[in-house]
Amino acid sequence: SRGLGDVYKRQIKIRINSLIFFEEILTSLRIPLRASSARSGGMTLEAIPLSGAMGAEIRGADLREVDNATIAEIHKILLDHGMIFYRDQDITPTQQLIFAKRWGEPHFHPYMPGLPDHPEIIEIVKNPEDTHTFGGQWHTDQMFTPTPAMGTMLYAKEVPEAGGDTLFGNLYLAYDAMSDAMNAAIANLRTFNLYDKKSAALPS
């Protein structure tokens, strides 16, 4: 993902106890292009695809009260589309954390402090005079940790009327679209990831 100009948002990194969830996403390369709907518990969910590459908007969900059946349906939509969005949610940090824990164990950032009463949640604020954009380069969240987070949950509180979008890329589709020769050429490539890219030196 790449953040271009978010003004104020809260985010939680989710770590899951197994890799089953992540492995399921790896096999989900074909993104449905038609809207789908399903009734879960007391909610009727509708998934609206946002593009041919990835992403769907979920309508009909109230994240303040989500039962097990609704979580299971949201989980399925995430696997089908790789990324999900909700509009018009009004949740407190406590409610956001409760919803996050339905997916796995929150992942504490090793270097960035969280909210005083909710250390699992990182507050991102960009003031008018700020010139730096948090996460302004293409990246995978916390890929420098031994066990990177399974996903990131963002809750936008204040955003510009235009622009300032956070961009997302589907690397599974990008890899699938490459030629067999290119796939073979990069098959053995590995990366070494550092958090402090300015002062940390690569090991000899």
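These legends describe an overview and several close-up views of a predicted model.

**Figure 1. Overview of the predicted protein.** The protein has 204 residues, and 32% of them are buried. Its secondary structure consists of five helices and 10 strands. Among contacts with a separation of 6 or more, 72% join residues 24 or more positions apart.

**Figure 2. Confidence along the chain, with residues 15-31 in view.** The mean pLDDT of the protein is 78. A value of 70 or more is reached by 75% of the residues. Residues 15-31 have a pLDDT below 50. In the model, this stretch still has 35 contacts beyond near neighbours in sequence.

**Figure 3. The hairpin of strand 4 and strand 5.** Strand 4 covers residues 43-49, and strand 5 covers residues 56-59. The two strands pair in the antiparallel sense, over four bridges. P49 stands opposite A56 of strand 5. Six residues lie between the strands of this hairpin. G55 takes a positive phi here, near 95°.

**Figure 4. From strand 5 to strand 6 by way of helix 2.** Strand 5 and strand 6 run parallel and are joined by two bridges. Strand 6 consists of residues 84-85. Its residue F85 is the bridge partner of E57. Between strand 5 and strand 6, the chain passes through helix 2, residues 68-81.

**Figure 5. T145 in the loop between strand 8 and strand 9.** Strand 8 spans residues 121-125, and strand 9 spans residues 151-158. T145 counts as buried because its relative accessibility is 10%, under the cut-off of 20%. A polar atom of the T145 side chain lies 2.8 Å from the backbone oxygen of Q142. Leaving aside residues up to four places away in sequence, T145 touches H107 and P110.

**Figure 6. M178 in the loop between helix 4 and helix 5.** Helix 4 spans residues 171-177, and helix 5 spans residues 180-186. M178 has a relative accessibility of 27%, so this residue counts as partly exposed. That value falls between the cut-offs of 20% and 50%. Not counting residues up to four places away in sequence, M178 touches N183 and I186.

Note on methods
Residues numbered from 1 in each chain as written. Predicted model: local features only at pLDDT ≥ 70, side-chain atom pairs only at ≥ 80, totals over all residues. Heavy atoms only, no water. Buried < 20%, exposed > 50% of the residue type's maximum accessible area, 1.4 Å probe, protein only. Contact = heavy atoms within 4.5 Å. pLDDT = per-residue confidence, 0-100. Polar contact = N/O pair within 3.5 Å; in protein donor to acceptor, adjacent residues only side chain to side chain. Pairing = 2+ DSSP bridges. Right-handed = clockwise from strand over helix to strand, strands pointing away.
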